[in-house]
Amino acid sequence: MNHNLDRLLVILKQQADLIDNLNTRSDFRYKSTQKLILDYGQPFLKSVKPPFKGQPKSCFENCLKALINFPKLNYCEGFAISDDVDIAVSHAWLVNNDGDVIDPTWIGKNFKGSTYFGVVFNNDFVVEMAQKNKCYGILDSDYMNRHQLLREGFPPSALHPIFHSSGKIAE
């Protein structure tokens, strides 16, 4: 593993444990997005140059809109960290079918060593959630669906079959 992946996983585990300990009244399967992503997610370590540059601080919008012009790319959400970012940032990025990261938002010297941990969604699910919720992003807008993802986990149809099998991480 690389140093930033180790850091990212430690931070996510610490946050998930803290939320689990504080959230004693919830009967949700997952008490935090961090735990949900730790259970379903996978690391993405190799990046390739994006074919376009998105707007800063608009990762969810940048990646959703990219699906229109680049339908062979796949939409991901989870958490990211870099050499200069010391927190686990809720983030969206794209991957090709080889699992290479295409991040149109985190570009430049401030994002050296970017490391990602998350899930790859079926593009139909991404579009469906955007239309249903009238906003960008899936994980951060789960509250709009009565926390269905935290209550039940991801439905198998939401996850991209190349990267996930049977609703869990492809080993």
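Predicted model: local features only at pLDDT ≥ 70, side-chain atom pairs only at ≥ 80, totals over all residues.
Biologist: Let's start with Arg 151: which residue does it form a salt bridge with, and how far apart are the closest N and O atoms?

Modeller: The general idea is that side chains of opposite charge can pair when their charged atoms come close. We call it a salt bridge when a side-chain nitrogen of Lys or Arg lies within 4 Å of a carboxyl oxygen of Asp or Glu. Here the partner of Arg 151 is Glu 152, with 3.5 Å between the closest N and O atoms. Residues are numbered from 1 along each chain as its sequence is written, and side-chain values use heavy atoms, with hydrogens and water left out.

Biologist: Are Arg 151 and Glu 152 buried, partly exposed or exposed?

Modeller: You go by relative accessible area: under 20% is buried, over 50% is exposed, and anything in between is partly exposed (1.4 Å probe, protein chains only). Arg 151 has 25% relative accessibility, so it counts as partly exposed. Glu 152 is partly exposed too, at 44%.

Biologist: How many salt bridges does a search of the whole structure find?

Modeller: The search turns up 6. Take Arg 7 and Asp 86, whose closest N and O atoms are 3.1 Å apart. Arg 7 sits in helix 1 and Asp 86 in strand 3 (residues 85-95), so to speak a link between distant parts of the chain, 79 residues apart. Asp 86 is exposed, with a relative accessible area of 58%. By the way, helices (H or I, at least four residues) and strands (E, at least two) are DSSP runs, numbered from the N terminus.

Biologist: Where do Asp 39 and Lys 35 lie, and how many residues apart are they?

Modeller: Both are in helix 2, 4 residues apart, which is about one turn of the helix. Asp 39 is partly exposed at 26%, and Lys 35 is partly exposed at 29%.

Biologist: How do I read the way helix 1 and helix 2 cross?

Modeller: Two packed helices are described by the angle between their axes and the distance between the axes. An axis is a line fitted to C-alpha atoms, for helices over the stretch in contact, and the angle runs from 0 to 180 degrees between N-to-C directions. For helix 1 (residues 3-22) and helix 2 (residues 33-40), the axes come within 8 Å and cross at roughly 130°. That makes helix 1 oblique to helix 2. Under 35 degrees would be roughly parallel, over 145 roughly antiparallel, 65 to 115 roughly perpendicular, and the rest is oblique.

Biologist: Which residues make that contact?

Modeller: Contact means heavy atoms within 4.5 Å. Helix 1 brings Leu 9, Leu 12, Lys 13, Gln 15, Ala 16 and Ile 19, and helix 2 brings Gln 34, Lys 35 and Leu 38.

Biologist: What about buried residues in helix 3?

Modeller: In helix 3 (residues 59-69), the buried ones are Cys 59, Phe 60, Asn 62, Cys 63, Leu 64, Ala 66 and Leu 67. They pack against strand 2 (74-82), strand 3 and helix 4 (123-133).

Biologist: Where is Phe 44, and is it buried or exposed?

Modeller: Phe 44 belongs to strand 1 (residues 42-44) and is buried, at 3% relative accessibility. Leaving aside neighbours within four places in sequence, its contacts include Trp 93, Tyr 116, Val 120 and Phe 163. Val 120 is in strand 5 (residues 115-121) and is buried at 0%. Val 120 and His 160 are 40 residues apart in sequence, yet 5.6 Å apart in space, C-alpha to C-alpha.
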